[in-house]
Amino acid sequence: MRKRWKWIIYASSIVALVASASFTIYCAWKVYAYHQPGEREIKEHENNAYHFVLVPEELDNDYWRLVEKGAKAAAKETGVHLEYVGPRQANIDEHIHILEKAAASKVDGIMTQGLTEKEFTPVINRIIEKNIPVVTIDTDAPTSKRTAYIGTDNYYAGFIAGKALAEDMHGKANVAIITGSLTASHQKLRIQGFKDAVKNEKGIRIIAIEESNITRIQAAEKAYSILNKHPEVNAFYGTSALDAIGIAKVIEQFHREKETYIIGFDTLPETIHYLQKGTIHATVVQEPYDRGYRSEKKLVDIIKGNEVPSVTNTETKVIRKQDLPLRPARNYEVKHD
Ligand code: BGC
C-alpha cells in the first residue's frame with residue numbers, strides 16, 4: 001500500500017514537471033515569435049531610428065510652439081524622434097551655432113528658416129554636403145542647396161496685406177510699419193510686397209518703419225514712440241506674429257481704437273481676441289501647425305527617396321472680424337512644455 005502511494009506521488013511529480021516545462025517552452029516560443037519582425041515592423045523600426053531637428057528663430061515664441069506641435073504630431077505618426085531646439089531669444093549667431101551642432105551630431109534631417117542669405121546659405125550648404133537633408137520652413141533660403149521649402153510666399157503675403165489696408169482705408173492712410181526684423185528675408189519680403197501693393201495709392205503714405213525683434217514688448221514700445229513722434233499715423237501694419245498684439249495694447253492705452261487701423265500677421269489667440277474686439281481689423285493667416293506637420297512628413301519622404309516639390313507654398317489669406325470663427329477650426333491652444 002505504501003509502495004503504491006509512493007509510485008502515485010512519483011508519477012504525478014513527473015507529469016507536473018513535464019507540464020510546467022512544456023508551458024515554459026510554449027511561452028518562450030510565443031515571446032520569440034512575437035519579436036520576429038515582419039517586413040512592416042522592420043520598416044517601422046527603421047523609421048524609429050530617424051532623428052530630426054527643428055530649429056526655429058525663437059524657441060518660446062507662440063507661433064513656433066504651434067509649428068513644433070504640428071511637427072511632433074507628424075513625428076509620432078512616422079515614428080521619428082524630433083528635437084525642438086533654438087535660441088531663447090531671436091539671435092542669428094546662436095541659430096547658426098545650433099544648426100552646426102545638429103549637423104555635427106549627424107542627425108537625419110533638419111527643418112529651419114533661411115533668415116538671411118549671407119549667414120544661412122553657407123551653413124545650409126555645408127549641412128547638405130554632409131548628406132543631411134534640410135527643409136526650410138516659413139522663410140526660404142532660395143539661393144542655397146536646401147532640399148525643399150514649405151511655407152508662406154512672403155512677398156505675396158505682404159502684397160495682400162497692402163491691398164487689404166488700401167481697401168479698408170479707402171485709399172487714404174498714414175501708415176507705420178512694425179516688423180520683426182529689418183534684416184530677415186521673410187520680413188523684408190512682407191514689407192516689399194506691402195509697399196508694391198500700395199505704391200499707386202496717392203493717399204497712402206508710409207511714415208515710419210521700426211523693428212520689434214519679434215517681441216510684443218518691443219512692438220508696443222515702437223508703436224508708443226511712433227505715436228508720440230507722428231500723431232498723424234492712423235494705420236499700423238505688423239509683419240510678424242506678435243507685432244499687431246503689441247501695437248493693439250498701445251492703441252487701447254491711448255484710447256485710439258476708433259481712429260486707428262491695424263493689420264497684422266497670424267492667428268494666435270491674442271490676435272483673434274483683438275480681432276473679435278475690433279482693435280485689430282485684419283490679419284494675414286498662416287498655418288504654423290500645418291507647416292510643422294507637413295515639413296516633418298516631407299523630410300521622411302525625402303529620406304525614403306520619394307520625389308518632393310522644391311517649393312510648397314501653404315495657404316495665405318487675409319481675414320477680418322466677419323470671417324471669425326475660422327473654419328476649419330485651428331488649434332489655437334499654445335502649450336509650453
Ligand atoms: C513669422 C515667423 C516669426 C514669427 C515671430 C511669424 O509671422 O512667420 O517667422 O518667427 O512671426 O513672431
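This briefing walks through the salt bridges, the ligand site and a few backbone features of the structure above. The model is predicted, so local features need pLDDT of at least 70 and side-chain atom pairs count only at pLDDT 80 or more, while totals for chains, interfaces and linings use all residues. Residues are numbered from 1 along each chain as its sequence is written, and side-chain values use heavy atoms, with hydrogens and water left out.

**Salt bridges between helices**

- Helices here are DSSP runs of H or I with at least four residues, strands are runs of E with at least two, and both are numbered from the N terminus.
- Asp62 is buried at 16% relative accessibility, whereas Arg216 is partly exposed at 24%. For these words, buried means under 20% relative accessible area, exposed means over 50%, and partly exposed lies in between (1.4 Å probe, protein chains only).
- Lys297 and Glu77 form a salt bridge through their side chains, at 2.6 Å from N to O. Lys297 is in helix α11 (residues 288-303) and Glu77 in helix α3, so this pair ties together parts that are 220 residues apart in sequence.
- Lys297 is partly exposed, at 25% relative accessible area, and Glu77 is exposed, at 52%.
- Glu270 and Lys249 make a salt bridge too, their closest N and O atoms being 3.6 Å apart. Because Glu270 lies in helix α10 (residues 269-277) and Lys249 in helix α9 (residues 243-253), the pair ties together parts that are 21 residues apart in sequence.
- Glu270 is partly exposed, with a relative accessible area of 24%, and Lys249 counts as partly exposed at 34%.

**A salt-bridge network**

- Salt bridges also join up into a network, which links Asp60, Arg65, Glu68, Lys72 and Arg88.

**The ligand and its surroundings**

- The ligand is surrounded by 14 residues, the closest being Glu57, Trp64, Asp138, His186 and Asp266.
- Ligand oxygen atoms lie 3.0 Å from an N or O atom in the side chain of Asn61, 2.9 Å from a backbone N or O atom of Ala241, and 3.0 Å from an N or O atom in the side chain of Gln286.
- Taken alone, the ligand exposes 310 Å², and the protein buries 100% of that; accessible areas come from the Shrake-Rupley method with a 1.4 Å probe, and for residues only the protein chains shown count as cover.
- Helices α3 and α7 (185-198) are the elements that give two or more residues to the shell around the ligand.

**A closer look at His186**

- His186 is found in helix α7 and is buried, at 3% relative accessible area.
- The side chains of His186 and Gln187 make a polar contact at 3.2 Å. Such a contact is a pair of N or O atoms within 3.5 Å; within protein, one must be able to donate a hydrogen and the other to accept it, and residues adjacent in sequence count only if both atoms are side-chain atoms.

**Backbone features worth a glance**

- A cis peptide bond runs from Leu324 to Pro325, with omega near -5°; Pro325 is in the segment after β12 (317-320).
- His170 is not a glycine, yet its phi is positive at about 50°. His170 is in the loop between α6 (154-168) and β6 (173-179), and is exposed at 71% relative accessibility.
- Ile214, also a residue other than glycine, has a positive phi near 50°. Ile214 is in the loop between β7 (204-211) and α8, and counts as buried at 7% relative accessibility.

Note on methods. A salt bridge is a side-chain nitrogen of Lys or Arg within 4 Å of a carboxyl oxygen of Asp or Glu. A residue is near a molecule or strand if one of its heavy atoms lies within 4 Å of it.
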